[in-house]
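Subject: Structure for your files

Hello,

My notes on it follow below.

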Amino acid sequence: MSAMESQLADDELAASWGADISDGFIPLIDMEGLQGPRRSEIVQQIGHACQHYSFFLVKNHGISETNMNNILGTTSEFFKLPEQEKLKFCTNDPNKSIKLFMGFKDEIQNVFIAREALRFSTYPLEDYVNEWPANPPSLRPHTDPTIITILLQDNVPGFKVLNNGKWVDVGHIPNTLVVHVGDLLQVISNYRYKSLHHQVFLNCERERVSVASYCYPSSNTIVGPAMELIDNDHPAIYRNFTYTEFYEEMWRAVVQHATDKRLDTFKSSVA
């Protein structure tokens, strides 16, 4: 296929979703039929979205509206708990499977970031569920150090993504999830898919609730460009490394306020 034919195919695929990105186009993929005759079409749409936008929304993903509302409701309940209840999960140990992050001062911009976040592991469920909270019973621009991130957000605006040098609002569409490319998928794809730069603009009048599922490999997994994507015209951009190496570098970059450079350590010497 020629470059012109490839571009035409890409344009036709994008047109089947909606308007161009310059008009505020947000890629929305219908997952219904993924295990049926539409599988190849859906896979092609996912690949196109990852390569050109670094993110996409999905609908008909199999999670009921009731469950999505329950997740957001329970999250909101947790952060409304008394301070002493939430502080049980404060720790300075980065290896803890559950940890509460409170507001922090951005030393570079000299501002205080009012934000609370609870990070906890979920898989395998039986290994972690007993560590979860008993109650309730029911920023800066950045990329994510993940393979992919799956985001469930409420209807309060604020989530923005960087596309072609411009910040684009990702508006709330009921019963959809946001899926975006993380640093590790950028490595695996040999920079064909770019890790998404995104940020949240705080709303002074309404609280915003979101739940992010971060997809990581296991600690001893070897991460590197897929061999099928490497040839004489496309040399490996990154060397192979373990997820443990990446995890350690990730925290070092956080301390040094250099999260945008955390992949530089793993670039191939011939790249």
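The side chain of Ser76 makes a polar contact with the side chain of Glu207, at 3.3 Å. Please keep in mind throughout that this is a predicted model, so no value below comes from an experiment on the protein.

Ser76 sits in helix H3, which covers residues 65–79. Its relative accessibility is 15%, and because buried means under 20%, Ser76 counts as buried. Setting aside residues up to four places away in sequence, Ser76 touches Glu207 and Val209.

Pro136

Pro136 is found in the loop that runs between helix H5 (125–128) and strand E7. Is Pro136 buried or exposed? With 11% relative accessibility, Pro136 falls under the 20% limit and so counts as buried. Apart from neighbours within four places in sequence, Pro136 is in contact with Thr74, Glu77, Phe78 and Leu81.

The three-stranded sheet

There is an open sheet of three strands, in the order E9-E8-E11, with antiparallel pairing. Strand E9 (166–169) and strand E11 (198–200) are the edge strands, each pairing on one side only. From one strand to the next, the twist averages 30°. In general, the strands of a sheet pair through backbone hydrogen bonds, in either a parallel or an antiparallel way. Here, strand E8 (residues 159–163) is joined to E11 by three bridges, and these two strands run antiparallel. If you want a place to start looking, Phe159 stands opposite Val200 in E11.

The largest cavity

What is the volume of the largest cavity? It comes to about 50 Å³. The residues lining this cavity are Leu57, Leu151, Leu152, Gln153, Gly171, His172, Ile173, Thr176, Leu177 and Val178. Two elements give two or more residues to the lining: strand E7 (148–153) and strand E10 (177–181). E7 supplies the largest share, with three residues. E7 is also the strand at one end of the loop that holds Pro136.

Regards

Notes:
Residues are numbered from 1 along each chain as its sequence is written. This is a predicted model: local features need pLDDT of at least 70, side-chain atom pairs count only at pLDDT 80 or more; totals for chains, interfaces and linings use all residues. Side-chain values use heavy atoms; hydrogens and water are left out. Two strands pair if DSSP finds at least two bridges between them. Helices (H or I, at least four residues) and strands (E, at least two) are DSSP runs, numbered from the N terminus. Axes are lines fitted to C-alpha atoms, for helices over the stretch in contact, and angles run from 0 to 180 degrees between N-to-C directions. Buried means under 20% relative accessible area, exposed over 50%, partly exposed in between (1.4 Å probe, protein chains only). A polar contact is a pair of N or O atoms within 3.5 Å; within protein, one must be able to donate a hydrogen and the other to accept it, and residues adjacent in sequence count only if both atoms are side-chain atoms. Contact means heavy atoms within 4.5 Å. On a 1 Å grid over the protein atoms alone, a cavity is a set of points where a 1.4 Å probe fits but cannot get out, and a pocket is an open set with protein on both sides within 12 Å along at least five of seven lines; lining residues have an atom within 4 Å of a point. Grid points are joined across faces, edges and corners, and a volume is the space filled by probe spheres set on the points.
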